[in-house]
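Please look over the sequence and the model below before reading on. The briefing that follows goes from the chain as a whole to a few of its parts.

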Amino acid sequence: MTRRISTVLAVLGGLGVAALVAVWVPAGWWAALAAHWAVLLLVVATVAALTASAVLRYRSGDRRRRAAEASAAPVAPDRPLRPLPSWVIPAGAVAVAAVTWLAVWGLQATLPEAGTQVQRAQLRVEGIRTGLTIGAGVTAAFALLLAFRRQQLAERTQQATEYDAGEKRVTELYVKAAEQLGSDKAPVRLAGLYALERLAQDNPAQRQSIVEVICAYLRMPYTPPEAKPTPEPADQAPAAEGSSGDGEKPTVDPREERQVRLAAQRILARHLRPETRDKKPDPSYWGPAVVLDLTEAVLLDVDFSDCHLHDATFTGAHFVGPARFHSTTFSGDARFRRATFRGETSFSGVTVRGTASFDRVTFSGGARFGGAMFGGDAWFGGVKFIGGTWFGRVMFSGGAGFEGAMFIADAQFDRAMFCGGAWFSGAMFGGDAQFGGVTFRGDAWFGRVMFSGGANFAGATLNGESYGGPANQ
């Protein structure tokens, strides 16, 4: 609203100045300019060029101000200006002289023949004065353009200096925070994590590299502490904090390291949720292009619910405690090959637009995939489900492979939809297998399937071919 008001005021001010000029300039001048349209056109073009230059500069500065207010990151300088050629100044002088001469010549040529000699002489003097005034105006316009360029170069130099200083400051903060992560003291490592978080929030260009640093920290070897720490003997003095007690290099307390890792996981999850709890855009969201690489990482009580991930790699990761991916969106691929889930796992409502890879994953607790949507292929070959498994109402838009999967407890696929091929060859169901109301739009393979418990296919719909197993019944 403020910008619109300022624009209206600027237009009104320009119209007011034009009206004053029209009243102040003698009528004879207007008649002379109208008689020589080339001079009038040149004057109008000069004024229009100056006005357009001022407007474009204002809009450019306004955009940069808005960008600077949205982010505290250093602003890179604009495209560098090319140096003026050496012929610009002489050409400008020649153009000014030509315009002045044309203006004087044109005004002198239009002088009326009537009147006394004194009156004609006065008109000639006035014509010369008017032509020189036009030349002076063009000279002033040319000088103003040169001054504008000089000011622009000075501002560009200052901007480049500030940008270099900002980049240096960001680099120093980044290096210092990364060094803090290598400390043997948990509070120092926590301070490094939160410093990186603040740096990424203020500098969008650094977010992916900072995410990679945090992911690299989580990929470091780590052994979770026992549920109940072993008490020290009463006759043994407690070891000093951060030391091993035998004079060797200080060790990291696994209980303190647990808190640091939980903080790192919370930082990642907090900035990967595009919406707040009341479904409003989250200003701390780092964008959908962030890539996670947590290969072979040890993740504790991880919670990526409602997050929006791009390409996420959890290959060989160890999930200790519950793992929550409820309503998570993977806009790219989701890679969980050879991962281990030691607690309850929830992928309910998850959306994977790329390929979902769960080959040879082990689920020690219950695994819930109810309402999930797999836009690409979903591979669960060789997966071991020790606890109960829920795939109710899951949408498999591509192929779904469960070849060699082991379902130790009950497995429920009620009202799931397989739009592509469904491979269950060599799968083993140790408990009840519920396939009630399942829709197979493509081919279904159930060869060499072992059902130790009950197998319910009531209401299942098969539109393609089936091979082996109870699906033929």
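Among the contacts in the protein chain with a separation of 6 or more, 32% are between residues 24 or more positions apart. The model is a predicted one, and its protein chain holds 8 helices and 32 strands. Of the 473 residues of this chain, 35% count as buried, while the chain exposes about 26,400 Å², of which carbon and sulfur atoms supply 60%.

**Helix α8**

- Helix α8, which runs over residues 254-270 and has 17 residues, reaches 24 Å from its first C-alpha to its last, and this is close to the 24 Å expected at 1.5 Å a residue.
- At the start of α8, the backbone nitrogen of R255 has a side-chain oxygen of D253 within 3.0 Å.
- The buried residues of α8 are E257, V260, R261, L262, A263, A264, Q265, I267, L268 and A269, and what covers them includes the helices α6 (186-202) and α7 (207-218) as well as the strands β1 (292-293) and β2.

**The loop between β2 and β3**

- S305 has its place in the loop between β2 (298-300) and β3 (308-309), and it counts as buried because its relative accessible area of 10% falls under 20%.
- The side chain of S305 is joined to that of D303 by a polar contact of 2.7 Å, and, leaving aside residues up to four places away in sequence, S305 touches R273, R324, F325, H326 and T328.
- D306 is found in the loop between β2 and β3, where D306 counts as partly exposed at 41% relative accessibility.

**Positive phi values**

- Most residues other than glycine have a negative phi.
- The phi of D306, however, is near 65 degrees, which is a positive value in a residue other than glycine.
- S327, which is not a glycine either, has a positive phi of about 60 degrees; the place of S327 is in the loop between β6 (323-324) and β7 (329-330), and its relative accessible area of 28% makes S327 partly exposed.

**A nonpolar patch on the surface**

- W101, L102 and W105 make a nonpolar surface patch of about 380 Å².
- W101 is found in helix α4, which covers residues 88-109, and W101 counts as exposed because its relative accessible area of 54% is over 50%.

Technical notes: Residues numbered from 1 in each chain as written. Predicted model: local features only at pLDDT ≥ 70, side-chain atom pairs only at ≥ 80, totals over all residues. Heavy atoms only, no water. Helix = DSSP H or I, 4+ residues; strand = E, 2+ residues; numbered from the N terminus. Buried < 20%, exposed > 50% of the residue type's maximum accessible area, 1.4 Å probe, protein only. Polar contact = N/O pair within 3.5 Å; in protein donor to acceptor, adjacent residues only side chain to side chain. Contact = heavy atoms within 4.5 Å. Expected span 1.5 Å × (residues − 1). Patch = residues over 30% accessible without salt bridge, like charges linked within 9 Å, V, L, I, M, F, W, Y side chains within 5 Å. Areas by Shrake-Rupley, 256 points an atom, 1.4 Å probe, with all protein chains shown as cover. Salt bridge = Lys/Arg side-chain N within 4 Å of Asp/Glu carboxyl O.
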